[in-house]
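Work through the exercises below with the sequence and the 3D view at hand. Try each task before reading its solution.

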Amino acid sequence: MPIFWYVYGGWLLSCFIVLFSNEAMLNGFFVGLGLAFIQPLFGLIARLYERLAEFGRDRAYLRQEQERKRQQEAQARHHQQHQQEQTTRHQQRDDQQRQREEEARRHRQEQANHQHREQHQQKPPQTHEPDTRTPEEVLGLHTGWTQDDLLKAYRRESQRLHPDKWTGKPPTIREAMEQEFKRVQDAYKRLKGS
């Protein structure tokens, strides 16, 4: 291996000696050397330019992709915001509708209560017709009754008409039963004294 380098070095040295001894040959050598290096240099410059152009295209593509993503995100945000606004508007409209319905229902209820109160206020007070029954008819006694019959009839009617039995009933029924209970007591007192 070292012999090869000696031979190669000797050959290069002889080439330089020949070149430097002849000036025309030396000029031709440098021109040829320059031409030999110009083509690869232009090729290198062309490749460098292609790489730069490709890099520029890649950057432009990346910028376009980023812009497209930003636009999509902006559209998505806008769409979501629009949907939220629509949902809010629908909820507000539903709430307003419910409030109107509730107010209308309350108004109808108040009108019904007002009409009911007016009807009760305009209703003439009930006048009780005088009772034309005899004390015997009130107690349910037949002719020829005795004191025992009177006591039995009084107990039967007072148990049937006692006010405690009519609690929880409508006021008109309670009042009527109380009136009848008083009549039974009245009739008993009148017949007992005779």
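Two exercises follow, each with a worked solution.

The model is predicted: local features need pLDDT of at least 70, side-chain atom pairs count only at pLDDT 80 or more, and totals for chains, interfaces and linings use all residues. Residues are numbered from 1 along each chain as its sequence is written, and side-chain values use heavy atoms, with hydrogens and water left out.

**Exercise 1.** Describe the secondary structure and the burial of the protein chain.

Solution.
- Step 1. The protein chain has five helices and zero strands (DSSP runs, H or I of at least four residues for helices, E of at least two for strands, numbered from the N terminus).
- Step 2. Along the sequence the pattern reads α-α-α-α-α.
- Step 3. Among the 194 residues, 9% count as buried (under 20% relative accessible area, 1.4 Å probe, protein chains only).

**Exercise 2.** Determine how helices H4 and H5 are arranged, and which residues meet.

Solution.
- Step 1. The axes of H4 (residues 147–161) and H5 (residues 171–193) come within 10 Å and cross at roughly 165° (axes are lines fitted to C-alpha atoms over the stretch in contact, with angles from 0 to 180 degrees between N-to-C directions).
- Step 2. H4 and H5 are therefore roughly antiparallel (an angle over 145 degrees).
- Step 3. Contact means heavy atoms within 4.5 Å. Residues of H4 including Leu-150, Leu-151 and Tyr-154 meet residues of H5 including Phe-181, Val-184 and Tyr-188.
- Step 4. By class, this contact of H4 with H5 has nine nonpolar, three polar and three charged residues (Ala, Val, Leu, Ile, Met, Phe, Trp, Tyr, Cys and Pro are nonpolar, Asp, Glu, Lys and Arg charged, the others, Gly among them, polar).

Technical notes:
Buried means under 20% relative accessible area, exposed over 50%, partly exposed in between (1.4 Å probe, protein chains only). Angles under 35 degrees count as roughly parallel, over 145 as roughly antiparallel, 65 to 115 as roughly perpendicular and the rest as oblique.
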